[in-house]
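Please walk through this structure with me, strand by strand. We will take the sheet, then a loop and its neighbouring strands, then the ligand.

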Amino acid sequence: MSLRDKCSIIEFKDLGDERGKLVVVEGGQSIPFDIKRVFYIYGSDSTVVRGQHANRESEFMLINVAGKSKVRITDSKEEIIVELNRPMMGVYIPKMIWKDMYDFSADSVLLVLASTHYDGSEYIRDYEEYKREME
Ligand code: TYD
């Protein structure tokens, strides 16, 4: 399966009426895991690169609920870049995929839904080590 197929871009239901918009994300339904954790990143700017890790156990869904950012995703062989720029789109990141988030707009709020509770020991933060494990 290609990296693009593994890291699917998902369009969520955007329920709108005259009062405004409402986007629904349901764990196990619109995304392929149950949500155990939610965090969001804001106050980063276009000079910052975040992420720079792979996770042995966690799956993620990244959604820019405001503003925009880019995510560079690699499995050490292929690379894709996704621009997150609409609150109703997200990118799914499975286990053992390396990601860098960058090019944050000043108003960027990057929402991350995760399949696990936080455990710093499941992170691979050394790209050379990641590459070795992916060989
Ligand atoms: P970090 O993993 O560097 O963020 P990024 O997703 O941009 O790579 O996390 C920043 C700090 O926050 C680090 O000290 C770990 C801590 N943290 C938690 O305590 N819980 C969490 O769920 C996350 C994602 C991070």
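T74 stands opposite W98 in β10. The model is predicted: local features need pLDDT of at least 70, side-chain atom pairs count only at pLDDT 80 or more, and totals for chains, interfaces and linings use all residues. Residues are numbered from 1 along each chain as its sequence is written, and side-chain values use heavy atoms, with hydrogens and water left out.

Stay with β10 (98-102). Strands here are DSSP runs of E with at least two residues, numbered from the N terminus. Strand β7 (69-74) runs antiparallel to β10, and five bridges join them. Two strands pair if DSSP finds at least two bridges between them. Another position in this pairing is I73, whose bridge partner in β10 is K99. β5 also pairs with β10, again in the antiparallel sense, over four bridges. There, R50 has M101 as its bridge partner.

Is β10 mostly covered or uncovered? It is mostly covered, with five of its five residues buried. Buried means under 20% relative accessible area; exposed is over 50%, and partly exposed lies in between (1.4 Å probe, protein chains only). Both faces are covered. W98, D100 and Y102 are buried on one side, and K99 and M101 are buried on the other.

Next comes the loop between β10 and β11 (109-114), where S108 sits. S108 counts as buried because its relative accessibility is 3%. Its side chain makes a polar contact with the side chain of N64, at 2.9 Å. A polar contact is a pair of N or O atoms within 3.5 Å; within protein, one must be able to donate a hydrogen and the other to accept it, and residues adjacent in sequence count only if both atoms are side-chain atoms. Leaving aside neighbours within four places in sequence, S108 is in contact (heavy atoms within 4.5 Å) with residues including I41, Y42, N64 and S69.

Move on to β11. Five of its six residues are buried, so β11 is largely enclosed by the rest of the structure. Six bridges join β11 to β4, and the two run antiparallel. In that pairing, I41 stands opposite L110. Strand β6 (60-66) also pairs with β11 in the antiparallel sense, over six bridges. Here F60 stands opposite A114.

Now the ligand. Which residues surround it? They are R37, F39, I41, R50, G51, H53, Y118, Y123 and R125, where near means that a heavy atom of the residue lies within 4 Å. β4 (37-42) and β5 (49-55) each supply at least two residues of this shell. By class, the shell has four nonpolar, two polar and three charged residues. Nonpolar covers Ala, Val, Leu, Ile, Met, Phe, Trp, Tyr, Cys and Pro; charged covers Asp, Glu, Lys and Arg; the others, Gly among them, are polar.

Look at the ligand's oxygen atoms. A polar side-chain atom of R50 lies 2.6 Å from one oxygen atom of the ligand. A side-chain N or O atom of R125 is 2.8 Å from a ligand oxygen. G51 uses its backbone: an N or O atom there lies 3.1 Å from an oxygen atom of the ligand. Taken alone, the ligand exposes 530 Å², and the protein buries 60% of that. These accessible areas come from the Shrake-Rupley method with a 1.4 Å probe; for residues, only the protein chains shown count as cover.
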